[in-house]
Amino acid sequence: MLSSDYRGYKRLLIAVSAAAFLVYGFFLPRNSFVFNSPDERANAFFAEQVAQRGTLAAFDPITLNFPEITPRSFVAVNGFLSPGGFWGLPLVFGAFGRVLGASFIFLLTPLLAILGVWSLFGLVRTLFDNRVAFWSALIAFLHPAVLFYASRNFFPNMAFTALLAITAYFFVSRPFGRTVHQHGSHQFAIAKYLDGALGWLALALALLIRPSEITWIVLIAMILGLAFWKNLRWPNFFLGLYMAAFFLTIVFITNNILYLNGWTFGYNFGSLMSSVLPSDNAFFAALSGAVNWLFPFGWHPLAAIKNVWHFYYILFWFFSFPVLLGLWLFFKEWIHRRLTRPQKWFALSWIIMTVWLFMEYGSWQIQDNPSGQITIGTGYIRYWLPSFFFSAPFIALVILKISQSWPLPRLRTVARWAFFSALAIGSVIAVYFRADGLLHTRQFLRESNGVKTFVLAHTPDDAVIITDTWDKVFFPERHVWPDFDEVESRTLFPKVAAKRPLYYYGEPLVGENLARFTDEGWRVLKVAAFGNEELARIVRE
């Protein structure tokens, strides 16, 4: 029998889910394929490619002779454009879009985010109780990192995190198995194996979307497997091995088709790796190679601590410091032996995951914000999203603990909602009103759509546009040349100009930037200006 508290919590969460779907799915404009990130642009393009044509690679004949004329986050292989990163998100989203319509792919991240929060609710309800689960779900819905990246539909991190939550829910809560057990229905006993099947499927999709996270996931899975080996269901275990082999085969075949090598993705990790240990002898060389494989962005603990302080604690202090307080309360309960074994392992798993993500991505000096500001749009936030998301139960414990100091039940309720309201206000300010926030993003997308409309109207269909960052806006309607340098201006540039009309879009060409064209006998003819940027035609003298 379900308690009245549970039914009340469920009704409130349904209402919050409906509001979250509208906020996540529709705050940013959806009426044009204009994006604020080259990664989003690429994922959306290839997802649409799968939805409409059933293939990831897109033939682009210009890249046969000029592979440099390729947008960021794309790679050109033998005349075909392929994802410059992991192709799991475009493949999964595109497959859904092929069945339900291409426009549906815009809504998959919001829907997955909501399913992820409900899975967290079910997981925490199994491990703790209804109250902790309810407040955990509310906190997860409104955490700044979740609110921001659930609205940025073609970043993979929210979908990955939600699928992890779904995985944990089916493996730990076992909703189908519990139902069969409670009702004693032997007729549908096979349904209990659905938990394992759906859990493995969710995990496989998560790793397909973010295969770079496999190391710490396997590490935690092995630790939990050893800790609970007596509870392992061997049919589910072998089902997992079968699905792993199946999906690895898909990965190998797809990589071989896209990149001509079964073990290669679009990322070139070789350029990012740095040797962290001397390699004078075989031992150190092997150790250095292992560290570089585990931490492809280097091993820099001091840099990681600095980045964690700025981007995890200072940026979201109103969420992150309650997490520390919640951990302290949690370990007090542990010391007094008031925690169950699964509760302890939940906390340990979160700590292992968080420390690993801190060290792996914190060692990387991400510079995706040209101003150097500490903002929500910086890459650390999305790479640490699993840690943010699964920290919600620790904040929930703080809310419940603080409210216990009030003598009357009604005052306790007021205290809980007051604490949560303060978190919600801080989250809304951080997500919408600060630099790189969603209000800024929405304004940029609307202005970019206007610029794109004008540029398309004033350039021929076969034009190539040289641009630093606007490739994410002009592609695929126009070919773009984003990584244009001095060498190319002298060697490759005349060859491209002989075949295609050339344009430039960006900051006005003056001084040395203008000279690299004029000194080679080219004229730069201004077409129009947009604020601090201009569109110009480049022709021979």
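Predicted model: local features only at pLDDT ≥ 70, side-chain atom pairs only at ≥ 80, totals over all residues.

Residues are numbered from 1 along each chain as its sequence is written, and side-chain values use heavy atoms, with hydrogens and water left out.

**Stop one: the sheet**

Colour by secondary structure and look for an open sheet of five strands, ordered S5-S4-S6-S8-S7, with mixed pairing. Helices and strands here are DSSP runs numbered from the N terminus (helices: H or I, at least four residues; strands: E, at least two), and two strands pair if DSSP finds at least two bridges between them. Select 479-481 for strand S5 and 522-530 for strand S7: these are the edge strands, each pairing on one side only. Neighbouring strands in this sheet are turned by 30° against each other on average, ignoring direction.

Start at the S5 end. Strand S4, residues 464-466, pairs with S5 in the parallel sense over three bridges. Show Ile465 and you'll find Val480 of S5 opposite.

Select 438-457 to get H21, which touches S4, strand S6 (502-506), S7 and strand S8 (533-540); contact means heavy atoms within 4.5 Å. The direction of H21 makes about 140° with that of S7. Axes are lines fitted to C-alpha atoms, for helices over the stretch in contact, and angles run from 0 to 180 degrees between N-to-C directions. Next pick 511-518, helix H25, which also packs on the sheet: H25 touches S4, S7 and S8, and its direction makes about 135° with that of S7.

Move over to S6 and S8, which run antiparallel and are joined by five bridges. Tyr505 has Leu535 in S8 as its bridge partner. S7 and S8 also pair in the antiparallel sense, over eight bridges, and there Leu525 is partnered with Arg537 of S8. The hairpin of S7 and S8 has two residues between the strands, and Gly531 takes a positive phi near 65° in it.

**Stop two: H4 and H10**

Select 88-100 (H4) and 194-209 (H10). Their axes are 7 Å apart and they pack at about 125°. H4 and H10 are therefore oblique to each other (under 35 degrees is roughly parallel, over 145 roughly antiparallel, 65 to 115 roughly perpendicular, and the rest oblique). Show side chains: Gly88, Leu89, Leu91 and Val92 of H4 meet Leu205, Leu208 and Ile209 of H10.

**Stop three: H11 and H16**

Jump to 214-227 (H11) and 341-362 (H16), whose axes come within 10 Å and cross at roughly 160°. That makes H11 roughly antiparallel to H16. Residues meeting in this contact include Trp216, Leu219 and Ile223 from H11, and Trp345, Ile352 and Trp356 from H16.

**Last stop: Thr63**

Zoom in on Thr63, which sits in helix H3 (residues 62-65). Is Thr63 buried or exposed? Thr63 is buried, with a relative accessible area of 3% (buried means under 20% relative accessible area, exposed over 50%, partly exposed in between, using a 1.4 Å probe and protein chains only). Leaving aside residues up to four places away in sequence, Thr63 touches Ile69, Thr70, Ala76, Gly79, Phe80 and Leu81.
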